[in-house]
Amino acid sequence: MSGISTHVLDLALGGPAAGVSVKLLRLIDGVWVEVAAQTTDADGRCRELLAMGDVLRSEYRLVFNTQAYFRASHPPGTLEMEGESPLYPEVVISFIVREPSSSYHMPLLLSPNGYTTYRGS
């Protein structure tokens, strides 16, 4: 199992959100530093943004480019979005790794006007 991973589901389409740009940042000396970047696969997953042995006790952020995803995956007029843009142009999930030997799977349930997340398994 990977150290840090994510899975994005598009609630408006009722399936995986393929093609979402995801960045993983780590707080180093008070500065957010990008440590990984991937795009979700056909199943909406980034299976291993950071391998178990590379995860450190620290604060991390996942940054999802939701605006680009919605513009690319939903034709104009198909979603109830102000000006055909999602309410949240990006979603940021901040979390703390307290136990680097544990798996940190951070799913994102996404819609044009909201989102939710939790620690998965």
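Hi everyone, and thanks for coming. Some ground rules before the tour. Because the model is predicted, local features need pLDDT of at least 70 and side-chain atom pairs count only at pLDDT 80 or more, while totals for chains, interfaces and linings use all residues. Residues are numbered from 1 along each chain as its sequence is written, and side-chain values use heavy atoms, with hydrogens and water left out.

Let's begin with Asp 10. This residue lies in strand β1, residues 4-10. When I name strands and helices, I mean DSSP runs numbered from the N terminus: E for strands, at least two residues, and H or I for helices, at least four. Is Asp 10 buried or exposed? Asp 10 is buried, and yet it has no salt bridge. Buried here means under 20% relative accessible area, exposed means over 50%, and partly exposed is in between, with a 1.4 Å probe and protein chains only. A salt bridge needs a side-chain nitrogen of Lys or Arg within 4 Å of a carboxyl oxygen of Asp or Glu. For Asp 10, the nearest side chain of opposite charge is Arg 71, and that is 14 Å away. In that search, Lys and Arg count as positive, Asp and Glu as negative, and His and the chain ends are not counted.

So what does lie by the Asp 10 side chain? The backbone nitrogen of Ala 12 is 2.9 Å from one of its polar atoms. Beyond its neighbours within four places in sequence, Asp 10 is in contact, meaning heavy atoms within 4.5 Å, with residues including Tyr 69, Phe 70, His 74 and Leu 110.

Next, His 105, in strand β8, residues 104-105. His 105 counts as buried, at 8% relative accessibility. Its side chain makes a polar contact of 2.6 Å with the side chain of Ser 5. A polar contact is a pair of N or O atoms within 3.5 Å; within protein, one must be able to donate a hydrogen and the other to accept it, and residues adjacent in sequence count only if both atoms are side-chain atoms. Leaving aside neighbours within four places in sequence, the residues in contact with His 105 include Ser 5, His 7, Arg 45 and Arg 119.

On to the rings. How many aromatic pairs does the structure hold? There are four. Rings of Phe, Tyr and Trp (its six-membered ring) pair if their centres lie within 6.5 Å; planes under 30 degrees apart are stacked, over 60 edge-to-face, and the rest tilted. Tyr 88 is partly exposed at 35%, and Tyr 115 is partly exposed at 37%.

Another pair, Phe 95 and Tyr 104, is stacked, with 6.3 Å between centres and 25° between planes. Both of these residues are buried, and together with Tyr 60 they form one aromatic cluster. Tyr 104 also has the charged end of Arg 119 sitting over its ring, 4.0 Å from the centre. For that label, NZ of Lys or CZ of Arg must be within 6 Å of the ring centre and within 35 degrees of the ring normal.

Last stop, charges. Side chains of opposite charge can pair when their charged atoms come close. The count here comes to five salt bridges. Lys 23 pairs with Glu 34, with the closest N and O atoms 4.0 Å apart. That links strand β3 (residues 21-28) to strand β4 (residues 31-39), the two residues being eleven apart. Lys 23 is partly exposed at 39%, as is Glu 34 at 44%.

Glu 99 pairs with Arg 57, again with closest N and O atoms 4.0 Å apart. Glu 99 is in the loop between β7 and β8 and Arg 57 in the loop between β5 and β6 (58-64), so the bridge ties together parts 42 residues apart in sequence. Glu 99 is partly exposed at 37%, whereas Arg 57 is exposed at 58%. And finally, a network: Asp 41, Asp 43, Arg 45 and Arg 47 are joined by salt bridges that share partners. Within that group, Asp 41 and Arg 47 have their closest N and O atoms 3.2 Å apart.
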